[in-house]
Amino acid sequence: SFPTWHDCDPGSDDAITLLTLLGRSDVQLLGVSTTHGNAPLSATTHNARALLTLAGRDDVPVYAGALAPLVREPVYAPQIHGVGGLGNVPLPEPTRPVQGEHAALALIRQLCAQPGEISVLATGPLTNLALAERLRPGVLREARQIIVMGGSLENGAPRLGNTTPRAEFNTYADPHAFDVVLKAGAKLSLIGLNLTRQVQVTRQRAQQLAAVGTAAAHTCAALLDDYLDRIGKLGQSVGALHDPCTAALMLAPELFGWEAARVVTMTDSGERLGETVRVDGEPNVQLVTRADESGVYGLITEALRQLP
Ligand code: BDR
Ligand code: CA
């Protein structure tokens with residue numbers, strides 16, 4: 001089984017990730033922590049709670065985390081996810097209150113209680129993970145693995161970002177936190193845009209999810225349709241299924257290919273802020289380079305079938 005922690009900023013693709021985890025009987029979800037990111041912290045926290053209510057899983061605690069990045073000002077992504085983070089997709093009112101403990105403290109407590117056992121999935125800006133590492137240096141090394149969606153790398157050459165011409169959203173939203181996590185010496189897997197662009201979002205994929213028939217699957221299909229509507233207005237007809245690749249990598253690593261690499265983030269303000277670059281030197285990540293697109297969708301589909 002997979003003792004798991006999900007740090008997120010839901011966010012339509014974060015939502016699909018969380019529901020996929022909840023649909024798996026072999027995932028023991030120890031906690032969900034929220035961060036500023038696609039929307040302000042109050043919205044992402046509300047969304048995480050509402051998703052747990054949708055899945056009938058109010059046993060899972062939600063911890064609110066960072067209101068803002070370590071150094072820079074917050075940036076949100078309303079053009080992709082709507083101002084509230086989940087577009088126009090309706091969700092139930094959350095029934096369980098948020099925990100009193102801060103996300104970074106809860107993550108430290110949990111990692112120290114089960115050293116070497118917990119997989120941490122990080123699908124938003126990395127502020128909470130960086131705060132945990134700053135408060136207790138070395139704590140991220142207690143994770144069994146940390147799977148991060150962030151950055152954009154292709155064979156050593158930077159590829160176009162999705163937020164600036166050079167930066168991916170999660171790295172751009174808190175590049176200093178990303179830097180802390182890259183330097184923590186943890187067992188880190190990195191899923192960047194170079195990978196997630198291999199797992200495309202299309203109307204057909206949304207229809208396939210809807211056909212599963214559960215409320216959770218309908219919600220995920222509606223989230224993909226809302227996302228496609230929004231990127232359509234920006235002139236794109238095909239999207240990328242970013243965050244769910246983290247859950248798929250944990251649950252079915254055979255669907256992916258990776259290589260050891262050394263990756264750094266640009267933290268100097270300017271046009272390269274948040275850019276990720278592969279450099280020579282000792283590897284600090286498993287850089288995920290290939291994905292089996294149908295396999296990833298198959299895994300999500302089966303998980304959503306198990307939910308209400
Ligand atoms: C990442 O940015 C967010 O908008 C998505 O939720 C994903 O985590 C993709 O760049
Ligand atoms: Ca996200």
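**Helix pair α9 and α12**

I looked up α9 against α12 and found them roughly parallel, because angles under 35 degrees count as such. The model is predicted: local features need pLDDT of at least 70, side-chain atom pairs count only at pLDDT 80 or more, and totals for chains, interfaces and linings use all residues. Residues are numbered from 1 along each chain as its sequence is written, and chains are lettered from A and ligands numbered from 1 in the order in which they are written.

I noted that α9 covers residues 203-210 and α12 residues 293-305; their axes cross at roughly 30 degrees and come within 10 Å. Axes here are lines fitted to C-alpha atoms over the stretch in contact, with angles from 0 to 180 degrees between N-to-C directions. The crossing is right-handed (the near helix is turned clockwise from the far one by less than a right angle).

I then listed the contact residues: R205, Q208 and L209 of α9 meet Y297, T301 and L304 of α12 (C-beta atoms, placed from the backbone, within 7 Å). They divide into 3 nonpolar, 2 polar and 1 charged.

**Whole chain**

I found 12 helices and 13 strands in the protein chain (DSSP runs: H or I of at least four residues for helices, E of at least two for strands). The C-alpha trace spans about 50 × 45 × 35 Å along its principal axes.

I recorded 56% of the 308 residues as buried (20 or more other C-beta atoms within 10 Å of the residue's own). Of the contacts with a separation of 6 or more, 81% join residues 24 or more positions apart.

Technical notes. Parallel < 35°, antiparallel > 145°, perpendicular 65-115°, else oblique. Contact = placed C-beta atoms within 7 Å. Nonpolar A, V, L, I, M, F, W, Y, C, P; charged D, E, K, R; others polar. Buried ≥ 20, exposed ≤ 12 C-beta atoms within 10 Å, placed from the backbone.
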